Amino acid sequence: MSSARPLSLLLGVCVLLTGVASCKKDTPSGANAPLRVAFFPNITHAQALVANSEGLFASQPGMGHLEVRPFNAGPAAMEALVAGSVDVAYVGPGPAINTYLKAGRELRIIAGAVNDGAVLVVKNVKTAQELKGRKLATPQLGNTQDIALRTWLKAQKLSITADAGGDVQVIPISNPDILAQYLQGAIEGAWVPEPWGARMLAEGGGHILVDERDLWPDKRFPTTVVVTTKKVLETQRPRIAALLRTHVRLTERWKADPAAFATSVNSAFGQLTRKPLPAPVLQDAFSRLEPSLDPVPSALKTSAEHAKALGFIPSDDIAGLVDLSVLDEVRGGAKPD
């Protein structure tokens, strides 16, 4: 199925959004095989949303047949990538690092996509110490925001538990469930990516206790990166280049006119979810996002160190994870920013 067709049609055939790792169907092999691209229906996957909605991936010269496969969780997308049922994915750095270290170091980050855009929103507390005895949520155990919250709590010398007993109880639940529990008062807050932070603020009140940008040098950390495997890079390099040409142009389009691009993203987001964001929420969410081709390797290394310290990965040696050679070719050697 070409991405020139609305992704909503794909959802009728493929139930990936409910957690199934891949569509079971026969596809051509070799040169006639489709390039299968995965992303999430989330504004932090902005370039992929617009590319799919406007048919830009499929129409790129040199792309050939292309399929778009939606996911709603990084680990499921990475499982499909390792299994060979997905060729390229937009994903958070946490699942990318975890997969690289646990699946034979075959994964490659080939470009950055979005930096920043994660916050700790709380209802009542004003300081870290006031979190004692409270319950916080993250989107998934061991995901990018979960690691960030746990690392920050440890730095505040607060013990963490999965149930009552520690200083702070941290529960991993889906973003929609986080919002619902926040509105019901069942949790004090959550460390979430956009637009969920903006939605929590708009629909449930409260305030931002931690803007994650404040924890990183130059206020920059990767939220979404583009990944593939070593094998796909070797066998499908021209098509990867075609995809990255579209990705680069969309990133430049975002930088040139952020407001117009945000509107395009919201339109694409609404096509998938049937619930486009209200204009104030969209504006607030995008105010904390940065389009960037730079995956910020130094921040990736720090993230790996954090994940290892928390016991999620066996090593923080991610040498070889980032391969920007195709991106460099597409951009004529210009340094990603």
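Is arginine 36 buried or exposed in this structure? In this predicted model, arginine 36 is buried, its relative accessible area being 14%. The residue it pairs with is aspartate 87: the two form a salt bridge in which the closest N and O atoms are 2.9 Å apart. Because arginine 36 belongs to strand β1 (residues 35-39), while aspartate 87 sits in the loop between α4 (74-83) and β3 (88-91), this pair ties together parts that are 51 residues apart in sequence. Aspartate 87 also counts as buried, since its relative accessibility is 9% and the cut-off for a buried residue is under 20%.

Another is formed by aspartate 317 and arginine 105, whose closest N and O atoms are 3.8 Å apart. Here aspartate 317 lies in the loop between α13 (297-309) and α14 (325-330), and arginine 105 in the loop between α5 (93-102) and β4 (107-116), so the pair joins parts of the chain that are 212 residues apart in sequence. Aspartate 317 is partly exposed, with a relative accessible area of 37%, and arginine 105 is likewise partly exposed, with a value of 29%.

A further salt bridge brings together the side chains of glutamate 290 and arginine 220, at 3.3 Å from N to O. This pair, too, links distant parts of the chain, for glutamate 290 is found in strand β12 (residues 289-291) and arginine 220 in the loop between β10 (207-211) and β11 (222-229), 70 residues apart. Glutamate 290 is partly exposed, its relative accessible area being 25%. Elsewhere among the salt bridges, shared partners join Glu194, Asp284 and Arg288 into one network.

The largest nonpolar core has 47 residues, and the members that touch the most others are Ile43, Ile240, Leu243, Leu244, Val265 and Phe286. Helix α10 (residues 237-256) supplies the largest share of this core, namely 8 residues.

Terms used: Residues are numbered from 1 along each chain as its sequence is written. This is a predicted model: local features need pLDDT of at least 70, side-chain atom pairs count only at pLDDT 80 or more; totals for chains, interfaces and linings use all residues. Side-chain values use heavy atoms; hydrogens and water are left out. A salt bridge is a side-chain nitrogen of Lys or Arg within 4 Å of a carboxyl oxygen of Asp or Glu. Helices (H or I, at least four residues) and strands (E, at least two) are DSSP runs, numbered from the N terminus. Buried means under 20% relative accessible area, exposed over 50%, partly exposed in between (1.4 Å probe, protein chains only). A nonpolar core is a set of buried Ala, Val, Leu, Ile, Met, Phe, Trp, Tyr and Cys residues joined through side-chain atoms within 4.5 Å.
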